[in-house]
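Here's a quick briefing on one strand and the packing around it. Have the sequence and the 3D view open while you read.

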Amino acid sequence: MASPMTATITPPWGLNLRKSYRAQWWLVFVALSLPLWWLAYLAFSGGLGANPIEAINRFFGDWALRTLLIALAATPAKIVFGWVWPVRMRRMIGLWAFAYVALHLSNYIVIDQFFDFSEIWKDIVKRKFITVGMIAFVILSMLAATSWNGAIKRMGAKAWKRLHKLVYMAGALGCLHYIWMVKADTFDPLVHLGILALLLGVRAVHLGRKMWA
Amino acid sequence: MLIKIPKSWMLRESDATPQTLYRDRRKFLKTSATVVAGGIAGSFIGPEAFAAWVRGEKLPNVMKSGYTVDEELTPFEDVTGYNNFYEFGTGKTDPADAANDFKTDPWTIEVAGEVAKPGKYSVEDLIRSSQLEERIYRHRCVETWSMVVPWVGVPLASIIKRLEPTSKAKYVAFETLYNPKRMPGQKRSVLQWPYVEGLRMDEAMNPLTLMATGVYGEVMPPQNGAPIRLITPWKYGFKGIKSIVRITFTEKQPPTSWNIAASNEYGFYANVNPTVDHPRWSQAKERRIGDFFKRPTLMFNGYEEDVASLYAGMDLARNF
């Protein structure tokens, strides 16, 4: 079955690829890895400050949400600018988002709480910002686990697509997690929420036009 | 009305190098070729002594006090580089960056309310340099990090006694400078400005309560709340209001900034209490800056002996 879906999930090493796309793919891949290099530099130059554990936590959290927003910008980029390449590589972008989320959570479990699972469980059930963060993590884990081509075949494109619509919820929960976490200064989290609203707005307008056209 | 300053300390002050001279020397070092000057001076007096010399003005005649804890001091760089002082930005390193040029001289503190000697005072009027003592206190932030800090100051009680509050004075209210030009963080209404705090009179008179003008034996750096700030080591750090310009004695409990911002999260008392969680995080443990593992938080931050009696019979979960 040759659905238009295949284009979005074809890997860069696929036979039908042009060379320029492959270069683009690697460029974006390397660009999304830059935060890791930056963090390594900060760690070795003492740039993480007096409370490095908190700094690492914030760093991964920030980049998890940013990368997720970049992944969610692929379709709006196609709608507004007619670009196709972001949609084609959004699986890779989404997996980077998952990687940063996983690092964010690992830092919390391993370094911040040091495997104190009773404390972690209390956090999850009692602190609503951690509750929504964990829900977002579970969603993104499911999406990452079904991100390979075979999963689409096994699940069927329709069910797969329905499942992967949850990414919007993960984005919204990520923003909520951020807003509920800060003490008083909600400026940065609201900027992220604003970007998410903009990206979803573009889709909504596009969908509305298609439906009423 | 100004309080006449006793003569004894004036003599001492004249013995020391005048502040303006100190300032000029620092300015010269900073603006001229610091590297060259540092190299030459460093080779004479040794790099460590040189670093201490350019770092800040040493406060003279600081007495050691019995108020100390047998715990490792948090390094000077962390105490003065990792701060919550929203008047200079909400990031932890914002205050150290943005408060660098903050002028704290001249500085006037207005004393008002239920008090026999209201009026405008200078820092030197309130804190006599001959009385300065160093106290090593634990410092516990409501965000679950902590430090051990050698503050320099005088007990607030000694100041209050001289101001002679009336019998109606049940609380002491404090106010931070409001000046968005000098405190750029105030351009955004993250909190309601100016920052206000308050203590019950018996809390204010407790021997632990300190009005600090220095840290690490030096003049308080701006990012730590220069020229004068409050220290209440058994309470969360946000009670320690910085850069104070007004002290008012009141009959009624005064409003406090974080309580105004989120009354369900921050109470008037804000006593360190491992059994009463912040609604969004546990207060049972804390991470001492520089440590890897968290440590259990102590009741009243380890000052139970000194302050528990203040709250006898009170429900601390309700009066958080």
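Two residues count as in contact here if their C-beta atoms, placed from the backbone, lie within 7 Å. Keep in mind that this is a predicted model. The strand to look at is E6 of chain B, residues 171-176, where 6 of the 6 residues are buried.

**Both faces of the strand**
- In a regular strand, side chains alternate between the two faces of the sheet.
- For E6(B), one side carries B:Tyr171, B:Ala173 and B:Glu175, the other B:Val172, B:Phe174 and B:Thr176, and all of them are buried.

**Strand partners**
- E6(B) pairs with strand E7 of chain B (residues 196-200) in the antiparallel sense, over 5 bridges.
- Within that pairing, B:Glu175 has B:Val196 as its bridge partner in E7(B).
- Strand E11 of chain B (residues 244-250) also runs antiparallel to E6(B), and 6 bridges join them.
- There, B:Tyr171 has B:Thr250 as its bridge partner in E11(B).

**What B:Val172 touches**
- Leaving out residues up to four places away in sequence, B:Val172 is in contact with B:Gly198, B:Leu199, B:Met201, B:Ala204, B:Ile247 and B:Phe249.

**Nonpolar cores**
- The largest nonpolar core has 74 residues, and B:Val172 and B:Phe174 are among the five that touch the most other members, along with B:Ile109, B:Trp151 and B:Met211.
- Strand E5 of chain B (residues 145-155) gives the most to this core, with 6 residues.
- Apart from this core lies another one of 35 residues, including A:Leu32, A:Ile56, A:Ala64 and A:Tyr178.

Methods:
Residues numbered from 1 in each chain as written. Chains lettered and ligands numbered in written order. Predicted model: local features only at pLDDT ≥ 70, side-chain atom pairs only at ≥ 80, totals over all residues. Buried ≥ 20, exposed ≤ 12 C-beta atoms within 10 Å, placed from the backbone. Helix = DSSP H or I, 4+ residues; strand = E, 2+ residues; numbered from the N terminus. Pairing = 2+ DSSP bridges. Core = buried A, V, L, I, M, F, W, Y, C linked by C-beta atoms within 7 Å.
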